[in-house]
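Please read it alongside the sequence and coordinates.

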Amino acid sequence: METVYFAVAAGAVLAGFVQGLSGFGFSMVSMSLWAWTVDPKLAAVLAVFGGLTGQVIAAVSMRRGFGMRLLGPFLLGGLIGIPIGVAVLPLLEVHVFKAALGILLAVWCPIMLFSKHLPAITVGGSAANGVVGVIGGVMGGLGGFSGVIPTLWCTLRRFDKDVQRSIIQNFNLATLTFTMLGYLVSGAVTRDMLPMFAIVAPAMLIPTVLGARLYVGISDVAFRRIVLSLLTLSGVALLASSIPHFFAG
């Protein structure tokens with residue numbers, strides 16, 4: 001049991017720093033560590049709780065304005081997708097989902113990272129942003145992964161770092177709040193999980209603030225490289241943690 005407590009705390013520290021720096025990624029980073037020792041359903045709830053806690057800390061420590069015209073379609077799509085993800089979670093083979101997401105990130109993000117000439121996506125407008133929001137909402141309901149696809153989409157759109165940070169921070173804050181409410185209503189959150197919440201919240205507090213402070217001093221180019229590198233590493237970690245399940249038994 002002590003090993004589980006240590007793993008939960010270590011995952012919260014590392015994931016909190018990454019989220020503070022990039023505005024997303026708590027679930028991706030924490031899950032890559034928790035997958036080895038923490039029950040998948042507990043890990044999903046803790047990932048949503050930690051991601052939401054990090055977004056609240058970020059909203060207080062580094063407020064970002066937002067334009068509802070740009071953010072609105074993401075939010076609307078996210079709210080549509082969340083109940084779908086919450087409903088699917090009990091039926092999902094978690095390791096299959098993680099493997100598929102890991103392959104996507106591990107293959108596509110390095111292509112974006114090392115290719116300087118990929119054109120920015122300018123088509124689709126608000127409708128495309130809404131579809132991306134739906135996907136983010138579904139993935140949020142599946143375990144707090146709400147920011148992954150919207151972050152990748154904003155990077156493809158070539159938004160500057162402050163616009164991207166504003167969209168992702170506000171999108172994640174809204175979607176993770178509703179996802180957590182969905183977990184509470186559906187009974188996914190149990191009394192036995194409360195001690196783990198008490199570990200995650202304090203463990204991630206200082207790392208999240210430190211990451212947010214570091215974000216302020218980096219350029220758009222450096223931010224894009226950090227985001228794509230984190231997405232790549234997260235993809236590799238998710239893929240690595242899911243592989244043993246395919247050979248078990």
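Tyr215 is buried in this predicted model, with a relative accessible area of 0%.

**Around Tyr215**
- The rings of Tyr215 and Phe223 form an edge-to-face pair, because their planes stand at 75° with the centres 5.5 Å apart.
- Phe223 also counts as buried, at 3% relative accessibility.
- Lys161 lies over the face of Tyr215, 4.4 Å from the ring centre.
- The charged end of Arg165 sits over the ring of Tyr215 too, at 4.5 Å from its centre.

**Aromatic pairs**
- The whole structure contains 4 aromatic pairs.
- One of them is the stacked pair of Phe49 and Phe197, with 4.4 Å centre to centre and 10° between the planes.
- Phe49 belongs to helix 3 (residues 40-61) and Phe197 to helix 9 (residues 194-216), so this pair ties together parts 148 residues apart in sequence.
- Both Phe49 and Phe197 are buried.

**Cavities**
- A search of the whole structure gives 3 cavities of 30 Å³ or more.
- The largest cavity has a volume of about 90 Å³ and a lining of 15 residues.
- Nearest the centre of the largest cavity lie Gly25, Phe26, Ser27, Gly144 and Gly147.
- That lining has 6 nonpolar, 9 polar and no charged residues, and helix 2 gives the most to it, with 3 residues.
- The second largest cavity holds about 70 Å³ of space, and its lining divides into 9 nonpolar, no polar and 1 charged.
- Helix 5 (94-114) gives the most to the lining of the second largest cavity, with 3 residues.

Notes. Residues numbered from 1 in each chain as written. Predicted model: local features only at pLDDT ≥ 70, side-chain atom pairs only at ≥ 80, totals over all residues. Heavy atoms only, no water. Phe/Tyr/Trp six-rings, centres within 6.5 Å; stacked < 30°, edge-to-face > 60°. Helix = DSSP H or I, 4+ residues; strand = E, 2+ residues; numbered from the N terminus. Buried < 20%, exposed > 50% of the residue type's maximum accessible area, 1.4 Å probe, protein only. Lys NZ or Arg CZ within 6 Å of the ring centre and 35° of its normal. 1 Å grid on protein atoms, 1.4 Å probe; cavity = no way out; pocket = protein on both sides within 12 Å on 5 of 7 lines; lining within 4 Å. Points joined across faces, edges and corners; volume = space filled by probe spheres on them. Nonpolar A, V, L, I, M, F, W, Y, C, P; charged D, E, K, R; others polar.
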